[in-house]
Amino acid sequence: MIVFISGGVRSGKSRIAEAYVQKLASPESALHYIATARASDDEMKQRIAHHQKRRQKQAVKWTTWEQPVRLAKLIPVFTKNDVVLLDCVTNWLANELFADEGWQKETVCFRKARQMWATLQQLEKASRALIIVSNELFSGGVPDDLGTYHFMKMLGWLHQQIVANAQVAILVQNGVAVVKKGESCL
């Protein structure tokens with residue numbers, strides 16, 4: 001099962017995704033949090049700390065995986081009882097694109113996006129449910145910068161693949177979950 005949760009920056013996506021994970025978990029489920037953000041500046045360090053503190057206050061136990069790239073390495077860790085939260089595709093894509101040379105070429109970017117989609121499909125098969133968080137970046141149009149253009153194009157392609165295969169797609173606006181596909185269990 002795939003649940004896709006997207007929205008603007010600081011819209012409440014992660015909080016809603018964490019609640020969704022808890023609703024989908026069975027008593028046998030382990031809850032896994034794949035964190036893709038890198039603590040690259042003070043603001044990101046504060047955001048990461050905020051997310052960590054919120055999870056620590058919850059009644060459930062999370063196993064957190066700090067994995068900014070190469071998420072496929074985690075697939076063997078999960079079981080069919082586990083519920084996995086991936087937060088977030090936007091950071092993961094940026095990390096993967098800029099990890100190697102050639103990110104300015106659309107063919108390289110698309111190859112990486114296809115690899116990421118294959119990894120997401122494997123994560124879904126390896127677990128009870130995969131909840132995927134991502135950012136909506138498209139309301140302001142596409143910039144002229146070629147690197148940013150490729151990034152946004154690949155993110156849009158990934159979003160389309162995820163939503164086409166998701167059982168539930170939710171857009172979070174101002175902390176409110178708006179169901180766009182399927183039925184919410186919240």
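1. His-51 lies in helix 2, residues 42-56. Helices here are DSSP runs of H or I with at least four residues, strands are E runs of at least two, and both are numbered from the N terminus. The model is predicted, so local features need pLDDT of at least 70 and side-chain atom pairs count only at pLDDT 80 or more, while totals for chains, interfaces and linings use all residues. Residues are numbered from 1 along each chain as its sequence is written, and side-chain values use heavy atoms, with hydrogens and water left out.

2. The UniProt record, an unreviewed entry, places the feature "active site" at His-51. UniProt positions follow the numbering used here, feature names are shortened, and annotations may be inferred rather than shown by experiment. His-51 has 14% relative accessibility and therefore counts as buried. Buried means under 20% relative accessible area, exposed over 50%, and partly exposed in between (1.4 Å probe, protein chains only).

3. What does His-51 touch, leaving aside neighbours within four places in sequence? Its contacts are Ser-14, Tyr-33 and Asp-87. Contact means heavy atoms within 4.5 Å.

4. Two aromatic pairs are counted. Rings of Phe, Tyr and Trp (its six-membered ring) pair if their centres lie within 6.5 Å; planes under 30 degrees apart are stacked, over 60 edge-to-face, and the rest tilted. Tyr-33 and Trp-62 have ring centres 5.7 Å apart and planes at 80°, so this pair is edge-to-face. It links distant parts of the chain: Tyr-33 is in strand 2 (residues 31-35), Trp-62 in strand 3 (residues 62-66), 29 residues apart. Both Tyr-33 and Trp-62 are buried.

5. Phe-110 and Trp-157 have ring centres 5.0 Å apart and planes at 70°, so they too are edge-to-face. Phe-110 sits in helix 4 (residues 106-126) and Trp-157 in helix 5 (residues 146-165), so the pair ties together parts 47 residues apart in sequence. Phe-110 is partly exposed, at 27% relative accessibility.

6. Helix 5 has 20 residues and spans 29 Å from first C-alpha to last, close to the 28 Å expected at 1.5 Å a residue. The expected span is 1.5 Å times one less than the number of residues. Its buried residues include His-150, Leu-155, His-159 and Ile-162. The buried residues of helix 5 pack against strand 1 (2-7), helix 3 (89-99), helix 4 and strand 5 (129-135).

7. Ile-162 has 0% relative accessibility. Beyond neighbours within four places in sequence, Ile-162 contacts Ile-2, Phe-4, Val-89, Trp-117, Leu-120 and Ile-132. Ile-162 and Phe-4 are 158 residues apart in sequence, yet 7.0 Å apart in space, C-alpha to C-alpha.
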